[in-house]
Amino acid sequence: MGLDRVRPWCAIIAASQDIAAQYIAAFGLSPEIWTAIRHDAATAGQQFERVVVIRPHWQMDQDEAARFEQQIIDQWRALVAPGGWLTII
């Protein structure tokens with residue numbers, strides 16, 4: 001990774017930007033490397049080397065979570081740069 005990067009190259013996606021930011025802080029991740037994104041944010045044209053999606057476990061049962069993933073998994077995959085990683089937890 002070059003030092004010439006001026007924006008985060010990893011993303012945590014959660015139900016709200018605040019929740020994603022809490023994960024970044026809780027795990028001591030660098031905000032220079034990681035950005036916080038809402039599930040429903042407009043992300044067209046963005047790409048990241050690592051994308052971690054936090055399912056809204058507390059709001060959905062298992063079937064709803066599966067439908068949620070099916071509906072927007074393509075959007076999340078489009079965020080991952082070639083050779084990058086997508087993790088859904």
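In which sense do strand 1 and strand 3 pair, and over how many bridges? The two strands pair in the parallel sense, over four bridges. Strands (E, at least two residues) and helices (H or I, at least four) are DSSP runs numbered from the N terminus. Pairing requires at least two DSSP bridges between two strands. The model is predicted: local features need pLDDT of at least 70, side-chain atom pairs count only at pLDDT 80 or more, and totals for chains, interfaces and linings use all residues. Residues are numbered from 1 along each chain as its sequence is written, and side-chain values use heavy atoms, without hydrogens and water.

I12 has V52 of strand 3 as its bridge partner. Strand 3 also runs parallel to strand 4 (residues 80-88), joined by five bridges. Here V53 stands opposite I88. In a regular strand the side chains alternate between the two faces of the sheet.

The largest nonpolar core holds 13 residues. Such a core is a set of buried (under 20% relative accessible area, 1.4 Å probe, protein chains only) Ala, Val, Leu, Ile, Met, Phe, Trp, Tyr and Cys residues joined through side-chain atoms within 4.5 Å. Those with the most contacts inside it are I13, I37, F48, V51, V53, W76 and L79. Strand 1 (10-14), strand 3 (48-53) and helix 2 (62-79) each supply at least two of its residues. Helix 2 gives the largest share, five residues. Another core, of 10 residues, lies apart from it and includes A14, I24, V52 and I54.

Technical notes. Buried < 20%, exposed > 50% of the residue type's maximum accessible area, 1.4 Å probe, protein only.
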